[in-house]
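Colleague: Before we file this entry, I would like to go through the chain with you, point by point. Could you put it on the screen?

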Amino acid sequence: MLDENPDKMLRMSNVTPTAIAILAAELAPAAAFGFAAERMARAIGRLPATARLMSPALLVVPYVLIAVTQHTFRWQWFALYAALPVVLAWLSARAAVADPAQRGNWRDALILLALGLAVDLRWFDGAWPSGLRGLGNLLLVDAGLYAFLGIRRLSGTGFDFHVHWSDWKTGIRELLFFAPAVLVLGLALGFLHPHANVPAPGKAVVTWAGIFVFVAIPEELFFRAWVQNLLERRVGRWAALVIASVLFGLSHFNKRSAHFNWRYVLLATIAGIFYGRAWRERRRVPASTITHTCVDWLWSWWF
């Protein structure tokens with residue numbers, strides 16, 4: 001589920017040619033890992049140790065370009081965005097040494113906690129001009145990908161942009177399982193409010209694709225490929241599914257409300273169960289992303 005109306009979320013304001021170029025540059029690492037994760041990991045592994053750890057400091061460049069062109073540059077944000085990706089890479093390198101079996105290490109948990117809270121509590125929003133907060137979140141996604149897939153080489157994530165027919169079958173199946181539950185409970189709680197809003201075909205397709213890329217993939221990467229994946233190694237499949245889903249639900253506590261939005265948390269937790277089921281069937285992020293995207297897309301038009 002989304003933290004606000006998906007259509008609003010996808011209408012970026014303050015868009016400039018520089019912002020568009022930076023968006024493309026930030027999407028490039030995710031695409032590289034999504035289409036050639038092993039090749040990327042091997043290339044990173046061939047770097048000298050110092051270069052391997054220091055390379056993600058280059059992720060500060062998008063902030064610099066935006067801040068300079070928008071006249072919002074601050075040295076404290078520069079230091080943060082230069083140092084944080086390096087710290088994450090270093091923690092992942094230490095975790096790889098301490099936990100070669102990849103059963104999950106406290107350093108993994110620390111990375112996930114830092115990334116999750118930074119996005120959910122909007123710690124770094126002040127670094128970015130109005131309407132461009134999403135660029136900051138994508139930067140954190142890139143830092144996480146470098147740490148977990150490039151340095152840690154975490155297995156079983158299913159972060160793969162080669163979408164298979166089985167991904168569609170699994171994703172749509174979980175959507176159909178989830179829909180009756182969310183409709184009945186959402187209407188009973190007064191959370192869902194049906195309204196007529198038939199989108200033009202072109203806009204519907206663009207909105208679906210936008211949710212898929214900018215909302216569902218980052219959330220499924222975090223909660224399923226990283227959180228649920230690591231939890232399974234410690235507590236088993238079912239407990240991992242429940243814990244990851246509860247965490248997913250709690251990440252929506254401050255959405256569409258100034259206070260703790262328990263209705264949103266409850267429905268998002270239930271949604272997380274079905275997204276997690278889709279992911280774990282073949283350990284495929286595209287499968288859970290399809291379910292997630294369809295839920296948000298339908299909600300944006302009719303609820």
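Colleague: In which loop does Arg-122 lie?

Modeller: This is a predicted model, and local features are taken only where pLDDT is at least 70. Helix α7 covers residues 133-151. Arg-122 falls in the loop between α6 and α7.

Colleague: What is phi of Arg-122?

Modeller: Most residues other than glycine have a negative phi. Arg-122 is not a glycine, yet its phi is positive. The value is near 55 degrees.

Colleague: Is Arg-122 buried, partly exposed or exposed?

Modeller: Buried means under 20% relative accessible area and exposed means over 50%. Arg-122 has a relative accessibility of 37%, so it counts as partly exposed.

Colleague: Which loop holds Gln-102, and what is its phi?

Modeller: Gln-102 lies in the loop between α5 and α6, the latter being residues 106-120. Gln-102 is not a glycine either, but its phi is positive, at about 60 degrees.

Colleague: Is Gln-102 buried or exposed?

Modeller: The cut-off for buried is under 20% relative accessible area. The relative accessible area of Gln-102 is 11%, so the residue is buried.

Colleague: Pro-100 lies in the loop between α5 and α6. Is Pro-100 buried or exposed?

Modeller: Exposed requires a relative accessible area over 50%. Pro-100 has 66%, and therefore it is exposed.

Colleague: How far is Pro-100 from Tyr-81 in space?

Modeller: Along the sequence, Pro-100 and Tyr-81 are 19 residues apart. From C-alpha to C-alpha, the separation is 28 Å.

Colleague: There is also a proline in helix α5, Pro-85. Which residues does Pro-85 contact, leaving aside neighbours within four places in sequence?

Modeller: Pro-85 has 3% relative accessibility and counts as buried. With the sequence neighbours set aside, the contacts of Pro-85 are Pro-56, Leu-59, Leu-80 and Ala-143.

Colleague: And which residues does Leu-140 contact on the same terms, leaving aside neighbours within four places in sequence?

Modeller: Leu-140 lies in helix α7 and, at 5% relative accessibility, counts as buried. Its C-alpha atom is 9.6 Å from that of Gly-116, at a sequence separation of 24 residues. The contacts of Leu-140 are Leu-84, Leu-115, Ala-118, Val-119 and Phe-124.

Colleague: Let us turn to the rings. How many aromatic pairs does a search of the whole structure find?

Modeller: Rings of Phe, Tyr and Trp pair if their centres lie within 6.5 Å. Searching the whole structure on that basis gives 21 aromatic pairs.

Colleague: What is the geometry of the pair formed by Phe-73 and Phe-78?

Modeller: The ring centres of Phe-73 and Phe-78 are 6.0 Å apart. Phe-73 is partly exposed at 24% relative accessibility, and Phe-78 is partly exposed at 27%. The planes of the two rings stand at 50 degrees, so the pair is tilted.

Colleague: What is the geometry of Trp-75 and Phe-78?

Modeller: Trp-75 and Phe-78 are 3 residues apart in helix α5, or about one helical turn. Trp-75 is exposed, with a relative accessible area of 61%. The ring centres are 5.4 Å apart and the planes are at 80 degrees, so this pair is edge-to-face.

Colleague: Which residues do ring pairs link into a cluster with Phe-78?

Modeller: Phe-73 and Trp-75 belong to that cluster.

Colleague: Finally, the chain as a whole. How many helices and strands does it have, and what is its radius of gyration?

Modeller: The chain has 12 helices and 0 strands. For 303 residues the globule rule gives 19 Å, and the chain is close to that, so it is as compact as a globular protein of that length. Its radius of gyration is 19 Å.

Colleague: What share of the residues is buried?

Modeller: The chain exposes about 13,900 Å², and carbon and sulfur atoms supply 70% of that area. Of the 303 residues, the buried ones make up 49%.

Methods: Residues numbered from 1 in each chain as written. Predicted model: local features only at pLDDT ≥ 70, side-chain atom pairs only at ≥ 80, totals over all residues. Heavy atoms only, no water. Helix = DSSP H or I, 4+ residues; strand = E, 2+ residues; numbered from the N terminus. Rg over C-alpha atoms; globule rule 2.2 N^0.38 Å. Buried < 20%, exposed > 50% of the residue type's maximum accessible area, 1.4 Å probe, protein only. Areas by Shrake-Rupley, 256 points an atom, 1.4 Å probe, with all protein chains shown as cover. Phe/Tyr/Trp six-rings, centres within 6.5 Å; stacked < 30°, edge-to-face > 60°. Contact = heavy atoms within 4.5 Å.
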